[in-house]
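Here's a quick tour of a protein model, written for someone who likes to know the cut-offs behind each label. Have the viewer open as you read.

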Amino acid sequence: MENSITRRIIWDRASKAGLAFGGISIAYMLINSIMPTTESVGTGMLISLIGVILWAVKFFGCIWLMKLFMKKLVQDHSEASNADTFRFGVATALLSALIFSAFYLLYTTVINPDIYVEALASVKEAYAGIMPSESMEVLDNINFATTGFFSQLIYCFLYGTVLSAILSRSIPSRDPFANNTNID
C-alpha cells in the first residue's frame, strides 16, 4: 500500500527540518558571538581562519542536510514528486527562517542589546567628518533590531528556496524511460 503524500506530511516533516536548520544557524551565530576578537596579527588570522572554516561547515552542512531530508521524504513516500520535494524545501526554509529570525530579534533586543549601539558608535566615529548631521539623525532613528529581523527572514527564506529549487530537480531521481512501452 502506497502512502499518500499530503500537505500535512510535508509541513510535519518541514517543521522538524526547519527546527534543525534554525538550531544550526542559532548555534553558528552564538559561536561567532563568543569567539574572541584580538588585535594581534597572528592570532587574528587564526581566528579569521576558524571563522571561515565554521562558515564553510555550516554552508555545506546545510546543503548536505537539506539533500538528506529531501531524500528521506522520498524514501518514506515513494510517490513523492519533484514538486513535493520543492514544497517541502520551501516550507523548511520558511520555518527555519522564522526560527532563526525570531532568535536573532531576541538576541539583539534582550540578550545583547548593545550590539547595535557599539556598531552605530563605530559608524558615527568613522564617518563623522563626511556625513551631514541629518544623516546622523536618521541613523539614530533606525530600529536596527527590527530591520535585522526582516532582513534575516528574507535572506534565509530566499536562500532555502533557491537551494530547494536546485536540489528538488534531482530528488526524487526518476528514470525517464521507465514507463516507455514503445519499442522501435
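## A question to start

In which helix do aspartate 76 and lysine 72 both lie, and how many residues apart are they? Both sit in helix H2, four residues apart, or about one turn of the helix. Helices here are DSSP runs of H or I with at least four residues, strands are E runs of at least two, and numbering goes from the N terminus.

## Ground rules

This is a predicted model, where local features need pLDDT of at least 70, side-chain atom pairs count only at pLDDT 80 or more, and totals for chains, interfaces and linings use all residues. Residues are numbered from 1 along each chain as its sequence is written, and side-chain values use heavy atoms, with hydrogens and water left out.

## The overall picture

The protein chain has six helices and zero strands, so reading along the sequence gives α-α-α-α-α-α. Of its 184 residues, 29% are buried, where buried means under 20% relative accessible area, exposed means over 50%, and partly exposed is in between (1.4 Å probe, protein chains only).

The accessible surface of the chain comes to about 12,100 Å², with 65% of that belonging to carbon and sulfur atoms. Those areas come from the Shrake-Rupley method with a 1.4 Å probe, and for residues only the protein chains shown count as cover. As for contacts (heavy atoms within 4.5 Å), take those between residues at least 6 apart in sequence: 80% of them join residues at least 24 apart.

## Salt bridges

The count comes to four salt bridges, each being a side-chain nitrogen of Lys or Arg within 4 Å of a carboxyl oxygen of Asp or Glu. Aspartate 76 is partly exposed at 27% relative accessibility, and lysine 72 is partly exposed at 39%.

Helix H1 (residues 7-34) holds aspartate 12 and lysine 16, four residues apart. Their salt bridge has its closest N and O atoms 3.4 Å apart. Aspartate 12 is partly exposed at 39%, while lysine 16 is exposed at 54%.

In helix H3 (residues 82-111), aspartate 84 and arginine 87 are three residues apart, about one turn of the helix. The closest N and O atoms of this pair are 2.8 Å apart. Aspartate 84 is buried, with a relative accessible area of 10%, whereas arginine 87 is partly exposed at 43%. Elsewhere, shared partners link Arg13, Lys72 and Asp76 into one salt-bridge network.

## H4 against H5

Helix H4 (residues 114-127) packs with helix H5 (residues 133-141) at an angle of about 175°, their axes 11 Å apart. That makes H4 roughly antiparallel to H5. The axes are lines fitted to C-alpha atoms, for helices over the stretch in contact, with angles running from 0 to 180 degrees between N-to-C directions. Under 35 degrees counts as roughly parallel, over 145 as roughly antiparallel, 65 to 115 as roughly perpendicular, and the rest as oblique.

On the H4 side, Leu120, Val123, Lys124 and Tyr127 meet Met136, Leu139 and Asp140 of H5.

## A greasy patch

Leu46, Leu49, Ile50, Ile53 and Val57 form a nonpolar patch on the surface, with about 460 Å² of accessible area together. Patches are made of residues with over 30% relative accessible area and no salt bridge; like charges are joined within 9 Å, and nonpolar side chains (Val, Leu, Ile, Met, Phe, Trp, Tyr) within 5 Å. Isoleucine 53, found in helix H2 (residues 41-76), is partly exposed with a relative accessible area of 48%.
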